[in-house]
Amino acid sequence: MDDEEYLQPVLSSLGEDDFRKLETVPIASVPLVLGVCLEITGIIFVSVWPEEKNKCDTYFIYLYLHCAYWMIIMLVDHLLKARHYKLRIYGYFDFYQSTYQQIRAPLFIASLWITCYLLLAVILHHTHKVNYEQYCRASEWFTPLNYILLLTTVEVLIIVPVYINYIKRVMRFNRYRPQPDVIREEWLSSYTQESYSGSNDVVGYRERQSNVEDLLEKQADLIRYLRDHNAKLNHRLLLLAMERSGLLNPEEP
């Protein structure tokens, strides 16, 4: 029996009406807006702060703000991964794989920049052991606050476009409401073509140039989806059996 015909009765029970929107745009917008606010705050600290005696305080305040920003990005990363994991369970494997690096990149970048801030603070404290407070308060271009602002500017210029591109892709995904990959004929046909060679009668034969890792990942995704979908069907059958036996009243709210 052909694989597509075998899977069709199970996969056809999930129709287009069961589309679930990916509600991650508000979540991804939080670090996007906070990153811009962090950059504006740094500019205000450098150019508008009135008293030189507080310049050193603004340096430490800005470091605290960036630590809080990193924690927010870490929380957002956790929430986005949880939402995308559900999307993967629903059968949207291609979209999950294409956006996986986008949802993880901001945390990696922010973590790298935290390391850069730590290294910068160590170097500045080491080179200005005696007069660090005076150096921090000096009205010069090469001050700790200016260094931190420069690094933050580069960081924001990298993270903000990543979030913007991700939000645009999610909005496009929700607008088009595509069907899950597991019920798309072109996805199943490509899967079966990669699994078996059409020019050989030996089951499991694969060409050497083919991507074995990609095939194994598709197989794992498909097995995970079918297992979850089978559990949902079993739950529906159980509810139906309880209704027929009179143990469950279907008229109850």
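This is a predicted model: local features need pLDDT of at least 70, side-chain atom pairs count only at pLDDT 80 or more; totals for chains, interfaces and linings use all residues.

In other words, the chain has eight helices and zero strands.

A search of the whole structure finds two salt bridges. Side chains of opposite charge can pair when their charged atoms come close. Here Asp77, Lys81 and Arg104 are linked in a network of salt bridges.

Start with the pair formed by aspartate 77 and lysine 81, whose side chains meet at 3.9 Å, N to O. That distance counts as a salt bridge because the cut-off is 4 Å. Both residues belong to helix H3, which covers residues 55-89, and they are four residues apart, about one turn of the helix. Are these two partners buried or exposed? Aspartate 77 counts as buried because its relative accessibility is 4%, and buried means under 20%. Lysine 81, with a relative accessible area of 33%, is partly exposed.

Now follow aspartate 77 to its other partner. The side chain of arginine 104 meets that of aspartate 77 in a salt bridge of 2.9 Å, N to O. This pair links distant parts of the chain: arginine 104 is in helix H4 (residues 93-127) and aspartate 77 is in helix H3, 27 residues apart. Both arginine 104 and aspartate 77 are buried.

After H3 comes glycine 91, which has a positive phi near 105°.

A positive phi also turns up elsewhere, this time in a residue other than glycine: arginine 177 has a phi near 50°. You will find arginine 177 in the loop between H6 and helix H7 (185-195). With 34% relative accessibility, arginine 177 counts as partly exposed.

Helix H6 itself (residues 144-176) holds threonine 152. This threonine is buried, with a relative accessible area of 0%. The side chain of threonine 152 makes a polar contact of 2.7 Å with the side chain of tyrosine 117. Leaving aside neighbours within four places in sequence, threonine 152 is in contact with Leu38, Glu39, Tyr62, His66, Trp113 and Tyr117.

For a view of the surface, turn to helix H2 (residues 25-47), where isoleucine 40 lies. Together, Val36, Ile40, Ile44 and Val48 make a nonpolar surface patch of about 320 Å².

Finally, step back to the whole chain. Buried residues make up 34% of its 253 residues. The chain exposes about 15900 Å², with carbon and sulfur atoms supplying 61% of that area. Among contacts with a separation of 6 or more, 80% come from residues 24 or more positions apart.

How values were computed
Residues are numbered from 1 along each chain as its sequence is written. Side-chain values use heavy atoms; hydrogens and water are left out. Helices (H or I, at least four residues) and strands (E, at least two) are DSSP runs, numbered from the N terminus. Buried means under 20% relative accessible area, exposed over 50%, partly exposed in between (1.4 Å probe, protein chains only). A polar contact is a pair of N or O atoms within 3.5 Å; within protein, one must be able to donate a hydrogen and the other to accept it, and residues adjacent in sequence count only if both atoms are side-chain atoms. Contact means heavy atoms within 4.5 Å. Patches are made of residues with over 30% relative accessible area and no salt bridge: like charges are joined within 9 Å, nonpolar side chains (Val, Leu, Ile, Met, Phe, Trp, Tyr) within 5 Å. Accessible areas come from the Shrake-Rupley method with a 1.4 Å probe; for residues, only the protein chains shown count as cover.
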